Amino acid sequence: MKKTQTLSPLLLFLLPLFSPCSVPQRLLLLLLLLLATSLPQGASGVQVQSVKVPQPGVAGRSARLECLWRAGNRGFYSVRWYKNDEQFYSYVPKNKPQIKVDHHLQGVSVELSKSDERVVSLRELHLDSEGVYRCEVMSESPYFESSFASTNLTVVAMPAAPILSGLRPSYRVGETLNVTCTAEDARPPARLTFTMNNEQLTAESGRVHTLPVEEGSRPGVYTTRAVLERPLGSRMVPSLNLVCRAEVHSISTQVAANVEVYGHSGSAPLSLLNTGCGPSPAFPALLLLLPPLLTCLTHLLLATR
């Protein structure tokens, strides 16, 4: 949203037209008035095109607000920022020594060293930082033309990495994977999805069940849980990569885990000279002794003939 307002001092020329004066004076005043009103005032005055804010802002992180404007050929007198119609920052070059002022509005903390006439840097966003932000620029005297634009800043609370519970380090083919993923303290409630070996599973697949949303650890935030139930087939052997992603608006965080999946027997294939679950440490040494043993055996066979 943007708007321009103009207060032209040339309107003062109308007053003498209604006061006693000579005809030449009135004609001169009318000529000046016509000349002034024929100038393209909007094109030469201050114009605010738009305001840019993070989409969305994240609680606990800094934010950069940008006001896109041009002063035209009249210069500018001040730049002021408002949140929900309450001023929180002003930039007035002629105000010495305080050119930049933080008005200490609740939920808005300005970092003056990183702010100027076009950019305002906020140190840390909070949930109450959400609102409508307006940038207003005023041109120099005697015109004092003002123009402004505004936009809405949405602030979200991101959860920490999701938590997986109920996951075992290994499974056998035919067993059912039953895992719960939890995303705590998000606003709005996080949307949870699972991925198994790059295959995405959502509630629509019938394998994921989303539990009712609960209140978080502080006011205004929420905890979300989703349960994945999936029988494991032979194509999951030898390992399974499981990812749970929590998404809030366009921002996401995730947790990943790898588990082993065995065949129906649950053991690895047997190795030569080893009946355990893995190759014997002595097996390489036995291979080195095999050629001399074969040579001796050959000599013994020849000697018996």
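I counted rings of Phe, Tyr and Trp (its six-membered ring) as a pair if their centres lie within 6.5 Å, with planes under 30 degrees apart called stacked, over 60 edge-to-face and the rest tilted. By this rule I get five aromatic pairs.

**Ground rules**

I'm working on a predicted model, where local features need pLDDT of at least 70 and side-chain atom pairs count only at pLDDT 80 or more, while totals for chains, interfaces and linings use all residues. Residues are numbered from 1 along each chain as its sequence is written, and side-chain values use heavy atoms, with hydrogens and water left out.

**Whole chain**

I looked up the secondary structure: the protein chain has four helices and 21 strands. Both are DSSP runs numbered from the N terminus, helices being H or I with at least four residues and strands E with at least two. Next came burial, where buried means under 20% relative accessible area, exposed over 50% and partly exposed in between (1.4 Å probe, protein chains only). Of the 305 residues, 34% count as buried. The chain exposes about 18000 Å², and carbon and sulfur atoms supply 58% of that. Those areas come from the Shrake-Rupley method with a 1.4 Å probe; for residues, only the protein chains shown count as cover. For contacts I used heavy atoms within 4.5 Å. Among contacts with a separation of 6 or more, 60% come from residues 24 or more positions apart.

**Aromatic pairs**

Back to the rings. Phe-76 and Tyr-91 are stacked, at 6.5 Å centre to centre and with 25 degrees between the planes. Phe-76 is in strand 5 (residues 76-83) and Tyr-91 in strand 6 (residues 86-91), so this pair ties together parts 15 residues apart in sequence. Tyr-91 counts as buried, at 15% relative accessibility. Then I checked Tyr-77 and Phe-144: their centres are 6.0 Å apart and their planes at 80 degrees, so I noted this pair as edge-to-face. Tyr-77 lies in strand 5 and Phe-144 in the loop between strand 9 (131-139) and strand 10 (146-153), so the parts tied together here are 67 residues apart in sequence. Tyr-77 is partly exposed at 24% relative accessibility, and Phe-144 is also partly exposed, with a relative accessible area of 35%. I also found that Trp-69, Phe-76 and Tyr-91 form one aromatic cluster.

**Charges over rings**

My rule here: NZ of Lys or CZ of Arg within 6 Å of the ring centre and within 35 degrees of the ring normal. Arg-74 lies over the face of Tyr-143, 4.3 Å from the ring centre. Arg-134 has its charged end over the ring of Phe-148, 5.6 Å from the centre.

Most residues other than glycine have a negative phi, and most peptide bonds are trans. I went looking for exceptions. The bond from Gln-55 to Pro-56 is cis, with omega near 0 degrees; Pro-56 sits in the loop between strand 2 and strand 3 (57-58). Ser-141 and Pro-142 are also joined by a cis peptide bond, with omega about 10 degrees. Pro-142 is in the loop between strand 9 and strand 10, and Phe-144 is found in that loop too. Phe-144 has a positive phi, near 50 degrees, and is not a glycine. Asn-198 is another non-glycine with positive phi, about 70 degrees. I placed Asn-198 in the loop between strand 15 (191-196) and strand 16 (199-201), and Asn-198 is exposed at 75% relative accessibility.

I call two strands paired if DSSP finds at least two bridges between them. Three strands form an open sheet in the order 2-4-8, with antiparallel pairing. Strand 2 (47-52) and strand 8 (119-122) are the edge strands, each pairing on one side only. Neighbouring strands are turned by 15 degrees against each other on average, direction ignored. For that, axes are lines fitted to C-alpha atoms (for helices over the stretch in contact), and angles run from 0 to 180 degrees between N-to-C directions. Five bridges join strand 2 to strand 4 (residues 63-70). Gln-47 stands opposite Arg-70 in strand 4.

**Thr-223**

Last stop: Thr-223, in strand 19 (residues 222-231). Thr-223 is buried, at 8% relative accessible area.
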